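Let's look at this protein from the inside out. Take a moment with the sequence and the model, then follow the points below.

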Amino acid sequence: ATSNATLMSRRNQAIPRGVGNIHEVFIARGENAEIWDVEGRRYIDFAGGIAVLNTGHRHARVVEAVKDQLERYTHTCFQVLAYEPYVEVAERLNALAPGKSPKKTLLLTTGAEAVENAVKIARSHTGRPGVIAFGGGYHGRTLLTMGLTGKVMPYKKGFGPFPANIFHAQFPNLLHGVTVDDAIRSVETLFKNDIEATQVAAIIVEPVQGEGGFYIAPPEFLQRLRALCDTHGILLIADEVQTGAGRTGTWFAIEQAGVEPDLITVAKSLAGGFPLSAVVGRADIMDTPHVGGLGGTYAGSPLACAAALAVMDAFEAQGLLKRSQEIGERFTKRLKAMAVEHPIIGDIRSLGAMVAIELFEGGDPSRPAPKATSFLLAEACRRGLILISCGTHGNVMRFLVPLTASDALLDEGLDILSQCFGALAK
Ligand code: PMP
């Protein structure tokens, strides 16, 4: 019979080591928030394919919509022959985007590609070269997005040189001593030391840093960034690849700060497990690039568009935005109880169902605990719970459970997590 071990050894023979693997498990089947591996073992999925499965594995509506699409046509390249699902996804995202100004949407395939295109559009609109991103931020693995990413290991090491005209400011992080004032001042310092404000096309920010550690941007910070951008004619890009599509309790996280960004990137859960990304933005800005300047062979694939429409329907039919809030509250309550017993849980934070805990030796924020975090991930996997980490020090455990998971399943997963902390304490 096939085993995880034999498949892993074939994998290691055939695939470069640069493609890491958190868990040595090969999936055979997935259903909502549960997975079965090739040896028949069941797991609860708290990772959701890194924020891709807000509607779970194989949501019935998604499966049906994709099957239906499969029966008609699967590819034309939108620039050659157009199709309605692309238009409908764009219309619905335009309606969902925050703010009063009319919107337009460009569809692509990956998150990195959406970020690349947002920068292209911002440069085309402003005629300026510069882009400011934030330390600890993550925007992708292509050359431009790697340059924007503010985290050397594992993303940038040895892969330079990076594109010019990219600068990094500080992301506010009270837990680690960076105030909103510090962060805003660091942007203003870039204007003095590195690039004049009139040469900056865009500031790109994650409303909640994802790979960087699930740090939530205070609403005041996003509001002040908006004001700073307005002062200098700079475009504000919200990278909502991880926060978007309902993860944080609103369709886009930045809505909660009352800020209208000029451009938003979204991907991951947008199409419930199919590759689709988008740039949603102010219509006048989106229309700046010349005819033929934007696109891609697979960009806005019909199968992925059909899936995205089903995902948006599922959000409405199942009240998943509200469910995201509930899940965030349920997790926070249980995690707080665990923290009482296990002081290694030094911080608990959440925006809707984007939940994380940060682990410190002796509860001291200056002493990150990456080894304990790895132990807990491996122990949870042995006990049937799939978890992933993040953060510059690898000491943040993040929870991205499908919003369609039942309370009973959430509790079962959290019970396993609690047992893992018990095992760590021994
Ligand atoms: N931006 C953010 C905020 C992300 O979290 C990610 C993926 N983790 C990306 C961009 C890149 O997306 P992709 O892997 O689909 O290229």
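The largest nonpolar core has 129 residues, and A202, L235, A278, A307, A308 and V311 have the most contacts inside it. Such a core is a set of buried Ala, Val, Leu, Ile, Met, Phe, Trp, Tyr and Cys residues joined through C-beta atoms within 7 Å. A residue is buried if 20 or more other C-beta atoms lie within 10 Å of its own, exposed if 12 or fewer, and partly exposed in between, with C-beta atoms placed from the backbone.

This is a predicted model: local features need pLDDT of at least 70, side-chain atom pairs count only at pLDDT 80 or more, and totals for chains, interfaces and linings use all residues. Residues are numbered from 1 along each chain as its sequence is written.

- Leaving aside neighbours within four places in sequence, L235 is in contact with residues including A122, A201, A202 and I285; contact means C-beta atoms, placed from the backbone, within 7 Å.

**The whole chain**
- The chain has 13 helices and 15 strands.
- Of its 426 residues, 50% count as buried.
- The C-alpha trace spans about 60 × 55 × 45 Å along its principal axes.

**Around the ligand**
- Of the 15 residues around the ligand, T110, G111, A112, V241 and Q242 come nearest, where near means a C-beta atom, placed from the backbone, within 6 Å.
- Helix 5 (residues 111-126) gives the most to this shell, with three residues.

How values were computed: Helix = DSSP H or I, 4+ residues; strand = E, 2+ residues; numbered from the N terminus. Contact = placed C-beta atoms within 7 Å.
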